[in-house]
Amino acid sequence: MTAKLLNGKELAQKKREQLKSDVEALTEHHRQPGLAVILVGEDPASTTYVRSKQKACEQAGIYSVLIKKDDTISEEELLAEIDRLNEDPKIDGILVQLPIPKHISEQAVIERIHPDKDVDGFHPINIGKMMTGEETFLPCTPYGVVEMLKEAKIEIAGKHAVIVGRSNIVGKPVGQLLLNENATVTYCHSRTKNLREMTKQADILIVAIGRPNFIEAADVKPGAVVVDVGINRVDGKLCGDVDFEGVKEVASHLTPVPGGVGPMTITMLLENTVQSARKRV
Ligand SMILES: Nc1nc2c(c(=O)[nH]1)N[C@@H](CN(C=O)c1ccc(C(=O)N[C@@H](CCC(=O)O)C(=O)O)cc1)CN2
C-alpha cells in the first residue's frame, strides 16, 4: 500500500483564496480585519513563522502589524503592550509568538490577551468553550488537522484516534477536537508504557512529540490515517516525527513535512482573525 498524501499546502492555498474574497467583502461593508503579532527575541524559526503570517495576511488583504521586542523585555512591559492592543479598535486578533523567554510567564501572557481577540485560541476561556463545544476561536494547528481530515472525507466519528504528545497548543486540543467529532481518543506521551502498542491500535494517529522519525512503519496499523505535526531539523533538513518513507507503505493517508499541517496553521489563524472581525463592531 502507498498512502494517499494529505496535501496541507494545497488546501491552505484553496482556503486562502476563499478568505481573500471574504476579506474584500468585509472590508467593503464593515472594515478591514487586523492582526497584531508580537515577537520576543530573534529565534530563527519564530522569525520565519511570523514573517509567513505577515505575508499570508498581506495576500489575504488583512491589515497586520508586527511588534518586535528584545528578549530582555520584562513581563510587565510585555503585558502593557498587550493591554494597548486589547484597546486598539483596528486590531481584531493578537498573538504572541511562542516560545517566549523563560523569565516571562507564558500563561500570564496568554491570559492577558482579551478572549475576544485571542485568535490563537489559547486563552482558558476559549479552551473551556472548545471543551464544551461552544463556538469559539479554535487553536490553529488542531483546527487545521481536523479541516484536513474533513477535506479528505475521512470518517472521524467512531474511530480510535491516538494522540502522541500532550502539549497545550497541539496534543491536548487536537484530542479534544476529535472527541467533539465523536472519535474515541487515547493520549500517549513520554511517560506512557507500551506506547508503540497503543499507536498500533489507532485508526487515526496524530503525532506531535517533537522527535524526528519517532513513529516507524511497525508502530502503525495497516490502513491507518497518520498526521505528522512534528517539525524537526536534522542536518539542516526539515523532517517530521514520522518516518515518512516507511510509514507511507503502511498508512492509507499521510501528511508530509513540509507541506502538511504547517501551512494549515497559518490559514486557520487567518480564519480566526476574519471570524473575530465579523463579530466586532
Ligand atoms: N503563538 C503561537 N506560537 C506558535 C504556534 C502557534 O500556533 N501560535 N505554532 C508553532 C509555530 N507555527 C506558528 O506559529 C508554525 C509552524 C510551522 C509552520 C509551517 O508552515 N511549517 C512549514 C515548514 C516551514 C519551515 O521551513 O520551517 C511546513 O510544515 O510545511 C507554520 C507555522 C509554534 N509557535
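A residue counts as buried if 20 or more other C-beta atoms lie within 10 Å of its own. This cut-off is applied below to a predicted model.

The domain assignment divides the protein chain into domain 1, residues 30–114, and domain 2, residues 139–262. Between the C-alpha centres of domain 1 and domain 2 the separation is 28 Å. An unreviewed UniProt entry carries the annotation "domain: Tetrahydrofolate dehydrogenase/cyclohydrolase NAD(P)-binding" for residues 139–280. That span, residues 139–280, is 35% helix and 18% strand, and its end C-alpha atoms lie 20 Å apart.

Helix H7 comprises residues 171–180, and its buried residues are Gly171, Pro173, Val174, Gly175, Leu177 and Leu178. An α-helix has 3.6 residues a turn, so residues three or four places apart point the same way. Just after H7 comes Asn182, which has a positive phi of about 70°.

Strand S7 leads on to Val220, which is located in the loop between S7 and strand S8 (225–228). Is Val220 buried or exposed? Val220 is buried, because 27 other C-beta atoms lie within 10 Å, and the cut-off is 20 or more. Beyond its neighbours within four places in sequence, Val220 is in contact with Thr199, Lys200, Leu205, Ile215, Val226, Val247, Val250 and Ala251. Ala202 is 18 residues from Val220 along the chain, and the C-alpha atoms of these two residues are separated by 7.4 Å.

Key
Residues numbered from 1 in each chain as written. Predicted model: local features only at pLDDT ≥ 70, side-chain atom pairs only at ≥ 80, totals over all residues. Domains from an automatic or database assignment. Buried ≥ 20, exposed ≤ 12 C-beta atoms within 10 Å, placed from the backbone. Helix = DSSP H or I, 4+ residues; strand = E, 2+ residues; numbered from the N terminus. Contact = placed C-beta atoms within 7 Å. UniProt positions renumbered as here; feature names shortened; annotations may be inferred.
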